[in-house]
Amino acid sequence: MKKLLATALASAFVAFAPPVHAQTPPNVLVVGQIAEPKSLDPHAVTAVNDFRILLNLYDGLVRYKDGTLEVEPSLAESWTISGDGKTYTFKLREGVKFHDGSDFNAAAVKFNFDRMLKEDHPYHDTGPFPLAFFFSTVEEVIAEDPMTVTFKLSAPYAPFLSNLAYPTGLIVSPEAVRQHGADFGRNPSGTGAYKFAEWDANAKMVAVKNEAYWDGAPDLEAVIYRPITDANTRIAEMLSGGLDVMVEVPPDSLQQFKQDENFSVLEQAGPHVWFLILNTREAPFDSKAARQAANYAINKTALVDNILQGTAEVAAGPTPPAFAWAYNETLEPYPYDPEKAKALLAEAGYVGEEITFFVTEGGSGMLDPVAMGTAIQADLEAVGMNVKIETYEWNTFLGKVNPGLEGQAAMAEMAWMTNDPDTLPFLALRTEAMPENGGFNSGYYSNPKVDELLEKARQVTDQSERAALYKEMQEIVQDDAPWVFVANWKQNAVTKASVEDFKLQPSFFLMLQDVKKPM
Amino acid sequence: MAGYIAKRLLAAIPVLFGLTIIVFLIMAMIPGDPATAILGSYATPENVAKLNKDLGLDKTLVEQYLIWIGNLFEGDLGRSYTLNRPVLDEVLERFSATLILAGTALVLCSILGLIAGIISAVRQYGWADKAITLLVLIGISTPSFWLGLLLILVFAVNLKLFPVSGMYAIYGGGDLPDLLHHLALPAFTLSVVATGVIARLTRTAMLEVLRQDYIRTARAKGLSERKVIYKHAFKSALVSIIPVIGIQAGFVIGGAVYIETVFQWPGIGSMLVKAISTRDLLLVQGGVLVVAAAYVLFNLLADVVQTLLDPRLR
């Protein structure tokens, strides 16, 4: 009986088993994603995982120039900015059509922003649009003529252009929104290099080549996105040949892929910063000396090399180097100097009182927060600080940290990924941005000079002028040390060796227009 | 019998109602809210308040629950805000995938467990019994997610006999052979622990029956050993084994959570885990309701089968 059964089972599998597709077909790129996309409506989503798809289906008025975080024309051929920085006029590209065949024009642009921003718009209920506040300064969008569109802002807002390059600024087909309503996110239509073809929930999302793409049709026939949530399973798929590209490779496996000539490993630093918020309202970190001491005491190189295994770089200040144009190259990270830290702590009058440190179990951009928190605790204890860790699940953690650390903790882990050098310092380092005013300055840092520089940087639209303001801000903030500046994450990806012209971008978006996979 | 089944089904309704209230309360009590989960770093109080309003979460808990129950009677489980699609579509799709996986695993563990248990009992203290006992102990003690990864490594990555993950091939496929091919590793992994439990209990039940007088009588009558074991002993042992299989059905569906994650099987377990971490209340409610209803049905089914098998219970 047992033998019979075994034979039956075995023969069933041999008979039924189709050959395993060890190789993916030529000219089709299979991308391993970390989760199922929420929606393919670019205005409805917030996750990088979704952005990786959307940038290939849609275009915005502007986009990031290859390899940088600087904007260049896309669906807009050119633009002018009024002297007061409050009026942006875009000249649109002619002859572009959405995938559904409708025309791209000024009316379409107006529809996109009105849908997101105006509560009385007939299609506002196809949202919600959680990141619509990126454009909260937009007062009115005017279609001047079919190929000219004007944005009127309520106040000068220099990050406006880079927000337009963000997925929230991508342009969707008004026709498709009218046709599908709330289900537009599953029936997307844009102007991008790839057209949506099929979404098989929890298995795959297929996009095919847009032959009529205005910027040149891609070489690939199709891109297939597969959601595989478990990192180990994603690696196994990659090793067995079921994927051509995978992103967010765990550090442990990166070495394995690096040593295997069948794979190429890519790394790219991005607009990410991992830091510790210090509570500047209460002892000990109300003293600048104590805050600097923490920066000296923590061995960031060891954190980056040992815990993160080289998947991040040591951060020098509040602005990630990926914002090359606004980054202050002269900043050097605080060196690891326990002796100096001890001296500074003595100067601050700290004698070993217990302090609380909020650590999260995991969360967007938080890397390996528990291991990092423990190592930081050990470094601080080595210079005589008495650190008690409290660990929280991510949503709970945000609920404790965002309202401000006063009365709760002396320090907390945090990480941000942004698209403009304005975003993080403006939301988290200004006096106006204290938690009681709805900002993210959970450590209550306040320096009038920094406030002034950040306000001014929003108002000037000339990039080099803005850059000078940000560079000055970084110097002051580094010295004041409201945070411990720890790491800038490098995004990584592994591709099969047969994948050509694959690149990672500092924006962390996955641009697949130029990728080839001939075999 | 029909009356009994109807009574059991009616009794299940208040249980399910109570369950939805408990899930609703637990979801309301755990810290964090969907708007914070969606906005992540950008969760300012202002943004959170606005998004909660857009999501209809600014209403009181009682109002939210009443709206949900009202819609439930119209067959509408609401719309998931993390997946942006109707909860019902997602839950049914996911649950049928889980049923395929768990059903296959249950059939596998029942067959393998019964066979192993019978052999163990008949050859008590023989080498076959010892070998089976050892295997069963290893099987029960092995964490299923670890076994799953190991099987993937050996049979999918190295030997390339089976696919690593998913339910159907990404291109081509989609038919029954393709499904079976994808099902083999996860269903086997999921069945291992239950196989062990069923084997152990079958052994015990069989040993007990084999000691009974009527078995000695049957042997004395000169019946063949095969007939004694399968016709006389196994049939009455089955009465005490069936409820165990019924309980294992529940464990198999529960255990599917890990297996679904490891094999990227698009089932309801992995859906619920994600839904809870993103505070997707409606999706959690819908998922739990369907799983709970299935539990009730499986238990009922096991009881009915047992009643049919055991004349004393009729």
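**Reading a predicted two-chain model**

User: Why is Glu329(A) called exposed?

Analyst: Glu329(A) has 9 other C-beta atoms within 10 Å. A residue is exposed if 12 or fewer other C-beta atoms, placed from the backbone, lie within 10 Å of its own, buried if 20 or more do, and partly exposed in between. So Glu329(A), with 9, is exposed. The model is predicted: local features need pLDDT of at least 70, side-chain atom pairs count only at pLDDT 80 or more, and totals for chains, interfaces and linings use all residues. Residues are numbered from 1 along each chain as its sequence is written, while chains are lettered from A and ligands numbered from 1 in the order in which they are written.

User: Where does Glu329(A) lie?

Analyst: In the loop between strand 14 (312–314) and helix 10 (338–348) of chain A. Helices (H or I, at least four residues) and strands (E, at least two) are DSSP runs, numbered from the N terminus. Glu329(A) is 272 residues from Leu57(A) in sequence and 35 Å from it in space, C-alpha to C-alpha.

User: What makes the length of helix 3 of chain A close to the expected one?

Analyst: The expected span is 1.5 Å times one less than the number of residues. Helix 3 (residues 106–117) has 12 residues, for which 16 Å is expected. Its first and last C-alpha atoms are 17 Å apart.

User: Which residues of helix 3 of chain A are buried, and what covers them?

Analyst: Among the buried ones are Phe111(A), Phe113(A), Arg115(A) and Met116(A). Their cover includes strand 5 (87–92), strand 6 (138–145), strand 7 (148–153) and helix 5 (174–180) of chain A.

User: What makes a nonpolar core, and which residues touch the most other members of the largest one?

Analyst: A core is a set of buried Ala, Val, Leu, Ile, Met, Phe, Trp, Tyr and Cys residues joined through C-beta atoms within 7 Å. The largest has 242 residues, and Phe275(A) and Ala487(A) touch the most other members. Leaving out residues up to four places away in sequence, Phe275(A) touches Ala315(A), Met414(A), Trp483(A), Val484(A), Phe485(A) and Val486(A).

User: How many residues of domain 2 and domain 3 of chain A are in contact?

Analyst: Domain 2 gives 12 residues and domain 3 gives 14. Two residues are in contact if their C-beta atoms, placed from the backbone, lie within 7 Å. The bounds, 59–174 for domain 2 and 272–490 for domain 3, come from an automatic or database domain assignment. The C-alpha centres of these two domains of chain A lie 33 Å apart.

User: What makes up the contact between chain A and chain B?

Analyst: Chain A supplies 48 residues and chain B 53. On the chain A side, the largest share, six residues, comes from helix 6 of chain A. That side divides into 23 nonpolar, 18 polar and seven charged residues. Ala, Val, Leu, Ile, Met, Phe, Trp, Tyr, Cys and Pro count as nonpolar, Asp, Glu, Lys and Arg as charged, and the others, Gly among them, as polar.
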